[in-house]
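This briefing looks at a ligand and the pocket around it. Have the sequence and the 3D view open while reading.

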Amino acid sequence: MAKKGKLFVISAPSGSGKTTLCRKLIRSFSGKRKLVRSISVTTRRRRSGERGGGDYFFISRGEFIKRRKRRQFLEWAGVLGNYYGTPRAFVQRHINQGNDVLLSIDVQGALKIKRMVRRARRPSAIFIFILPPSFGELERRLRRRSTESRAEIARRLKFAKSEMCFVKEYNYAVLNDKISRALARLKEIIRREREE
Ligand code: 5GP
């Protein structure tokens, strides 16, 4: 029987460079044993430049609730007024095929996965938190991105502060002061954990 894959759960405050890092990471592990990114389902409105089915699957609240009732999500959470969920079937299929799956989710979702893994002896999961160099830099990055209003940026910064309190729940904390350095560290973590 093929060896099962692992779950790599990454959390990071919005604007910490997580999306870029995850994209680069996926590209680096495209060999026989792949690292695949789970595309979440969300009720949030699409930002300009985002692609349905590429960044997220964008659905209505009604549809989200229907899927949640059918237990189609491995985990789900309400984040800043919107719902986000990880499609269960996709993750299970890849884990069973021996691929590793990358979940880029918030702290609430990561803690749910942590409890699940503990309870049900599911495939092992590794938890990584990406830290921005500072709040000032986080704010600058969010402003530069200019996809959110001022009020939304303020909410995201407040949320980021509350999320940072949970860094101790993660196996690794990676500082994203420089993309190339953070990427190298993430690759090293994945290689090491694959060998375990
Ligand atoms: P954004 O709206 O900036 O894309 O994401 C907001 C937050 O929701 C981020 O912390 C992101 O990691 C998180 N998120 C995205 N997808 C999921 C998911 O499927 N589950 C959970 N729990 N959080 C998610």
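In the counts below, Ala, Val, Leu, Ile, Met, Phe, Trp, Tyr, Cys and Pro are called nonpolar, Asp, Glu, Lys and Arg are called charged, and the others, Gly among them, are called polar. By that scheme, the lining of the largest pocket divides into 13 nonpolar, 14 polar and 14 charged residues. The model is predicted. The ligand sits in the largest pocket.

**The pocket**

- The volume of the largest pocket is about 1,000 Å³.
- Its lining is made up of 41 residues.
- Nearest the centre of the largest pocket lie Lys18, Thr19, Arg47, Tyr56 and Arg145.
- Two or more lining residues come from each of these elements: helix H1 (18-28), strands E5 and E6, helix H5 (135-145) and helix H6 (150-164).
- H1 gives the most to the lining, with 5 residues.

**The shell around the ligand**

- The ligand is surrounded by 17 residues.
- The closest of them are Lys18, Ser40, Arg44, Tyr56 and Tyr84.
- Sorted by type, the shell holds 5 nonpolar, 6 polar and 6 charged residues.

**Contacts with ligand oxygen atoms**

- In the side chain of Lys18, an N or O atom lies 2.7 Å from an oxygen atom of the ligand.
- For the side chain of Arg47, the distance from an N or O atom to a ligand oxygen atom is 2.8 Å.
- For the side chain of Thr86, the corresponding distance between an N or O atom and an oxygen atom of the ligand is 3.3 Å.

**Cover and contributing strands**

- Taken alone, the ligand exposes 520 Å², and the protein buries 95% of that.
- Strand E5 (73-79) and strand E6 (82-87) are the elements that give two or more residues to the shell around the ligand.

**Points to locate in the view**

- Which element gives the most to the pocket lining? That element is H1.

How values were computed. Residues are numbered from 1 along each chain as its sequence is written. This is a predicted model: local features need pLDDT of at least 70, side-chain atom pairs count only at pLDDT 80 or more; totals for chains, interfaces and linings use all residues. Side-chain values use heavy atoms; hydrogens and water are left out. A residue is near a molecule or strand if one of its heavy atoms lies within 4 Å of it. A polar contact is a pair of N or O atoms within 3.5 Å; within protein, one must be able to donate a hydrogen and the other to accept it, and residues adjacent in sequence count only if both atoms are side-chain atoms. Accessible areas come from the Shrake-Rupley method with a 1.4 Å probe; for residues, only the protein chains shown count as cover. On a 1 Å grid over the protein atoms alone, a cavity is a set of points where a 1.4 Å probe fits but cannot get out, and a pocket is an open set with protein on both sides within 12 Å along at least five of seven lines; lining residues have an atom within 4 Å of a point. A molecule sits in a cavity or pocket if more than half of its atoms lie within 2 Å of its grid points. Helices (H or I, at least four residues) and strands (E, at least two) are DSSP runs, numbered from the N terminus. Grid points are joined across faces, edges and corners, and a volume is the space filled by probe spheres set on the points.
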